[in-house]
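Here is a short briefing for a reader new to this structure. Look over the sequence and the model, then read on.

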Amino acid sequence: RCSHSIPRSRRLRQAVGKLLADVPDVAAEPEELTAALAFTVGLQDPAWPVEEDPREARVATHEAWRIFLSSLARPRPVVAVIEDIHWADPALLELLQ
């Protein structure tokens with residue numbers, strides 16, 4: 001948890017909020033969604049802790065990525081490139097399904 005993660009998480013929160021501003025049916029709160037996305041890339045915003053139960057954290061992060069990618073894909077097609085898929089862990093494979 002380095003000190004530069006807080007500004008990064010703030011920028012991430014702003015970017016996700018901007019993306020979701022035009023998506024009326026998003027079930028998650030933008031702050032919770034951003035916290036889950038940030039957690040998957042190694043950032044944690046102290047204001048929005050991620051679930052401590054690993055199963056609940058996995059569910060939250062999978063839902064966050066589903067919402068995020070669906071939001072990106074609404075106005076235009078999206079291609080996600082996963083390098084070295086043969087090294088993917090079961091959690092990533094579950095997310096991709």
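Is Arg 66 buried, partly exposed or exposed? Arg 66 is partly exposed, with a relative accessible area of 45%. Buried means under 20% relative accessible area, exposed means over 50%, and partly exposed lies in between (1.4 Å probe, protein chains only).

This is a predicted model: local features need pLDDT of at least 70, side-chain atom pairs count only at pLDDT 80 or more, and totals for chains, interfaces and linings use all residues. Residues are numbered from 1 along each chain as its sequence is written, and side-chain values use heavy atoms, with hydrogens and water left out.

**Overall build**

- The chain has 4 helices and 0 strands. Helices (H or I, at least four residues) and strands (E, at least two) are DSSP runs, numbered from the N terminus.
- From the N terminus on, the order is α-α-α-α.
- Of the 97 residues in the chain, 24% are buried.
- Helix α1 spans residues 5–20 and holds Arg 10. Arg 10 is partly exposed, at 43% relative accessible area.
- Arg 10 and Ala 38 are 28 residues apart in sequence, and their C-alpha atoms are 9.9 Å apart in space.

**Salt bridges**

- The whole structure contains 3 salt bridges. Each has a side-chain nitrogen of Lys or Arg within 4 Å of a carboxyl oxygen of Asp or Glu.
- Arg 66 pairs with Glu 63 in a salt bridge, at 2.7 Å from N to O. Both lie in helix α3, 3 residues apart, about one turn of the helix. Glu 63 is partly exposed, at 33%.
- Arg 58 forms a salt bridge with Glu 94, and their closest N and O atoms are 3.7 Å apart. This pair links distant parts of the chain: Arg 58 sits in helix α3 and Glu 94 in helix α4, 36 residues apart. Arg 58 is partly exposed at 32% relative accessibility, and Glu 94 is partly exposed at 41%.
- Asp 53 forms a salt bridge with Arg 55, with the closest N and O atoms 3.7 Å apart. Asp 53 is partly exposed at 25%, whereas Arg 55 is exposed at 58%.

**The largest pocket**

- The largest pocket has a volume of about 410 Å³. A pocket here is an open set of points on a 1 Å grid over the protein atoms alone, where a 1.4 Å probe fits, with protein on both sides within 12 Å along at least five of seven lines.
- Its lining has 16 residues, and Thr 40, His 62, Trp 65, Leu 92 and Leu 95 lie nearest the centre. Lining residues have an atom within 4 Å of a point.
- α2 (30–40), α3 and α4 each supply at least two lining residues. α3 gives the most, with 8 residues.
- The lining divides into 11 nonpolar, 3 polar and 2 charged residues.

**Nonpolar surface patch**

- Ile 82, Ile 85, Leu 93 and Leu 96 form a nonpolar patch on the surface, with about 320 Å² of accessible area together. Patch residues have over 30% relative accessible area and no salt bridge, and nonpolar side chains are joined within 5 Å, like charges within 9 Å.
- Ile 85 lies in the loop between α3 (54–73) and α4 (90–96). Ile 85 is partly exposed, with a relative accessible area of 40%.

Note on methods:
Accessible areas come from the Shrake-Rupley method with a 1.4 Å probe; for residues, only the protein chains shown count as cover. Grid points are joined across faces, edges and corners, and a volume is the space filled by probe spheres set on the points. Ala, Val, Leu, Ile, Met, Phe, Trp, Tyr, Cys and Pro count as nonpolar, Asp, Glu, Lys and Arg as charged, and the others, Gly among them, as polar.
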